[in-house]
Amino acid sequence: MVETPDGHGRLELTKFHAPSGRGGDRQAPPNTPGIRHLTFAVDDIDAVVARLRAHGTELVGEVERSDSYRLCYVRGPEGIIVELAEQIG
């Protein structure tokens with residue numbers, strides 16, 4: 001269970017060990033049915049990306065910029081795409 005810093009939200013991450021399931025496509029795009037994509041708001045995207053890279057995580061694409069956010073994607077455990085979003089402005 002992961003709790004948000006403000007204490008008002010929680011996210012449970014579950015991995016089933018039995019019975020074994022059929023393998024999915026770990027490289028499936030984010031619009032594939034099922035849980036394929038989670039987004040986390042971060043205060044400093046560069047620092048988070050540096051910490052993740054130190055643990056062997058690779059970016060999916062590059063850090064992008066919109067009018068209000070800097071965004072990037074990494075592929076997390078089980079192939080789930082994790083989006084990081086830093087609000088700017």
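Is glutamate 86 buried or exposed? At 13% relative accessibility, glutamate 86 counts as buried, because the cut-off for buried is under 20%. Please keep in mind that we are looking at a predicted model.

Glutamate 86 sits in strand β6, which covers residues 81-87. What does its side chain reach? The side chain of glutamate 86 comes to the backbone nitrogen of isoleucine 45, at 3.0 Å. If we set aside neighbours within four places in sequence, glutamate 86 touches Val42, Asp43, Asp44, Ile45, Ser68, Tyr69 and Arg70.

Arg70 is the name to follow from that list. The side chains of arginine 70 and glutamate 86 form a salt bridge, with 3.5 Å from N to O. Arginine 70 belongs to strand β5 and glutamate 86 to strand β6, so this pair ties together parts that are 16 residues apart in sequence.

Arginine 70 has another partner. Its side chain also meets that of aspartate 46 in a salt bridge, here at 3.0 Å, N to O. Aspartate 46 is in helix α1, residues 45-54, and arginine 70 is in strand β5, residues 69-75, so the pair ties together parts 24 residues apart in sequence. How exposed is aspartate 46? With a relative accessible area of 44%, aspartate 46 is partly exposed, whereas glutamate 86 is buried.

How many salt bridges does the count give? It comes to 2. Asp46, Arg70 and Glu86 are linked by them in a network.

Now to another part of the model, the second largest pocket. First, a word on how such spaces are found. Rolling a probe the size of a water molecule over the atoms shows where empty space is left.

The second largest pocket holds about 240 Å³ of space. Its lining is made up of 13 residues, and those nearest the centre are Glu3, Thr4, Pro5, Phe40 and Ala41. Which elements give two or more residues to this lining? They are β1 (2-3), β2 (10-11) and β3 (37-41). Strand β3 provides the largest share, 4 residues.

What kinds of residue line the second largest pocket? The lining divides into 7 nonpolar, 3 polar and 3 charged residues.

Arginine 70 in turn meets aspartate 46. That is the end of my part.

Conventions:
Residues numbered from 1 in each chain as written. Predicted model: local features only at pLDDT ≥ 70, side-chain atom pairs only at ≥ 80, totals over all residues. Heavy atoms only, no water. Salt bridge = Lys/Arg side-chain N within 4 Å of Asp/Glu carboxyl O. Buried < 20%, exposed > 50% of the residue type's maximum accessible area, 1.4 Å probe, protein only. 1 Å grid on protein atoms, 1.4 Å probe; cavity = no way out; pocket = protein on both sides within 12 Å on 5 of 7 lines; lining within 4 Å. Points joined across faces, edges and corners; volume = space filled by probe spheres on them. Nonpolar A, V, L, I, M, F, W, Y, C, P; charged D, E, K, R; others polar. Polar contact = N/O pair within 3.5 Å; in protein donor to acceptor, adjacent residues only side chain to side chain. Contact = heavy atoms within 4.5 Å.
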